Amino acid sequence: LGTTYLGFYRENVLDRCICRIKDCFIDMPYGFPVFENNGSRSDLCLGRRKYQDVNVQANFHNASGCIDLGIEGIRQIKALPFESIAS
């Protein structure tokens with residue numbers, strides 16, 4: 001078919017977990033986004049990127065579970081039968 005696949009991932013699983021929580025990509029018991037200034041829950045999700053003056057943080061309930069999920073995801077990606085141009 002001549003199709004080319006290009007994929008990438010973050011190898012820093014803690015950074016990946018923080019981003020996924022702040023952007024509401026995971027609706028699991030790992031944590032939820034909060035506003036830095038008062039600690040209240042944020043529902044901005046991806047919309048937070050529109051507001052440069054608003055700082056959203058990740059409030060973890062289960063950081064180790066999120067990290068384990070990220071490690072397993074990277075393991076699955078690396079096991080795929082694709083050629084790599086970087087490591």
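Biologist: Where does Arg48 lie?
Modeller: Arg48 is in the loop between strand 1 (31-35) and strand 2 (56-60). Keep in mind that this is a predicted model.

Biologist: Is Arg48 buried or exposed?
Modeller: Arg48 counts as buried, because its relative accessibility is 17% and the cut-off for buried is under 20%.

Biologist: And what does Arg48 touch?
Modeller: Leaving aside residues up to four places away in sequence, Arg48 touches Cys19, Lys22, Asp23 and Val56.

Biologist: Asp23 is on that list. Which residues does a salt-bridge network join with Asp23?
Modeller: Arg48 and Arg49 are joined with Asp23 into one network, through salt bridges that share partners.

Biologist: How far apart are the closest N and O atoms of Arg49 and Asp23?
Modeller: They are 2.4 Å apart, and the pair forms a salt bridge. This pair links distant parts of the chain, 26 residues apart. Arg49 is in the loop between strand 1 and strand 2, while Asp23 is in the loop between helix 1 and strand 1.

Biologist: Asp23 and Arg49, then: buried, exposed or partly exposed?
Modeller: Asp23 is buried, with a relative accessible area of 3%. Arg49 is partly exposed, at 46%.

Biologist: How many salt bridges does the count come to?
Modeller: The count comes to five. Among them is Lys78 with Glu11, where the closest N and O atoms are 3.1 Å apart.

Biologist: What about the accessibility of Lys78 and Glu11?
Modeller: Lys78 is exposed, with a relative accessible area of 51%. Glu11 counts as partly exposed, at 46% relative accessibility.

Biologist: Which salt bridge does Glu72 form?
Modeller: Glu72 forms a salt bridge with Arg75, and their closest N and O atoms are 2.6 Å apart. Both residues are in helix 2, three residues apart, which means about one helical turn separates them. Glu72 counts as partly exposed, at 31% relative accessibility, and Arg75 is also partly exposed, with a relative accessible area of 48%.

Biologist: Changing topic to rings. How many aromatic pairs are there?
Modeller: The count comes to zero aromatic pairs.

Biologist: What sits over the ring of Phe32?
Modeller: The charged end of Arg41 does, 4.2 Å from the centre of the Phe32 ring.

Biologist: Now the overall fold. How many helices and strands does the protein have?
Modeller: There are two helices and two strands. From the N terminus on, the order is α-β-β-α.

Biologist: Why call it more spread out than a compact globule?
Modeller: The radius of gyration is 16 Å, well over the 12 Å that the globule rule gives for 87 residues, so the protein is more spread out than a compact globule. Along the principal axes, the C-alpha atoms fill a box of roughly 50 × 30 × 20 Å.

Biologist: What share of the residues is buried?
Modeller: Of the 87 residues, 24% count as buried. The protein exposes about 6,800 Å², and carbon and sulfur atoms supply 53% of that area.

Biologist: And what share of the contacts joins residues at least 24 apart?
Modeller: The share is 57%, taken among contacts between residues at least 6 apart in sequence.

Key: Residues numbered from 1 in each chain as written. Predicted model: local features only at pLDDT ≥ 70, side-chain atom pairs only at ≥ 80, totals over all residues. Heavy atoms only, no water. Helix = DSSP H or I, 4+ residues; strand = E, 2+ residues; numbered from the N terminus. Buried < 20%, exposed > 50% of the residue type's maximum accessible area, 1.4 Å probe, protein only. Contact = heavy atoms within 4.5 Å. Phe/Tyr/Trp six-rings, centres within 6.5 Å; stacked < 30°, edge-to-face > 60°. Lys NZ or Arg CZ within 6 Å of the ring centre and 35° of its normal. Rg over C-alpha atoms; globule rule 2.2 N^0.38 Å. Areas by Shrake-Rupley, 256 points an atom, 1.4 Å probe, with all protein chains shown as cover. Salt bridge = Lys/Arg side-chain N within 4 Å of Asp/Glu carboxyl O.
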